[in-house]
Amino acid sequence: MSLDLAVCDELLATTRAVRKRLDLSRPVPREVINECLELAVQAPTGSNSQTWRWVVVDDADKRQGLADLYRRQAEPYLTTASKTAAGQTGRVFDSALYLMEHLHEVPVHVIPCLQGRPGEGASVTALGGYFASIYPAVWSFQLALRARGLGSCLTTLHLGHEKDAAELLGIPDDVVQTALLPVAWTLGTDFRRATRPPVADITHWNAWS
């Protein structure tokens, strides 16, 4: 079966980090999340470990608890950084502050996890393989959401209070949270390509030059 390259390229090029265009009023059915997770776990994992685990939170009180932890970590960082940010970066910080204020209203929070903690003082090689076992699946999940008219944003700020989040959600000690993805239907689907530097300016062939 040949793939429609135009459709694939559009999906890859327009899957944005969605914050201000998350529909806070429309429920997300659990079957849609499960459908996207079925696709996500087709992603490769290091040594075929398949250690991804997913915590999906649609309970309002627990979403509020996660949002409180997120704000505790995010507010000092985002408010300070946003004062000096300009242009596209300034808009990103502005939308990040919006998400901080409304995270509890986002209908679903998805926390991708890994079973088994890396050893103390793990090498770059070990850590690289460790996190490479979850982020391909996270991106596949986000692409699957986008294809269905939903949006998400990969956030990590709540990890500053990972133990508190684990207690809130009953996550075992040997499971590592790697991100938090707010998930909702999007307000419109007309997302565009972002402004990025020319690939020729950031690519090195055969040696750094």
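These questions and answers look at strands and cores in a predicted model.

User: What rules sit behind the values?
Analyst: Local features need pLDDT of at least 70, side-chain atom pairs count only at pLDDT 80 or more, and totals for chains, interfaces and linings use all residues. Residues are numbered from 1 along each chain as its sequence is written, and side-chain values use heavy atoms, without hydrogens and water.

User: Why is strand 5 called largely enclosed?
Analyst: Buried means under 20% relative accessible area, with exposed over 50% and partly exposed in between (1.4 Å probe, protein chains only). Five of the five residues of strand 5 (residues 181-185) are buried, so the rest of the structure largely encloses this strand. Strands are DSSP runs of E, at least two residues, and helices are runs of H or I, at least four, numbered from the N terminus.

User: What makes strand 2 and strand 5 a pair?
Analyst: Pairing takes at least two DSSP bridges between two strands. Strand 2 (residues 108-115) and strand 5 have three, in the antiparallel sense. In one of them, Val 108 partners Val 183.

User: How do you know that strand 3 pairs with strand 5?
Analyst: Strand 3 (residues 150-152) joins strand 5 over three bridges, also antiparallel. Gly 151 has Ala 184 as its bridge partner.

User: What makes a set of residues a nonpolar core?
Analyst: Its members are buried Ala, Val, Leu, Ile, Met, Phe, Trp, Tyr and Cys residues, joined through side-chain atoms within 4.5 Å. The largest such core has 26 residues; Leu 66, Leu 78 and Leu 103 touch the most other members. Helix 3 gives the most, six residues. Apart from this core lies another, of 25 residues, including Trp 52 and Leu 181.
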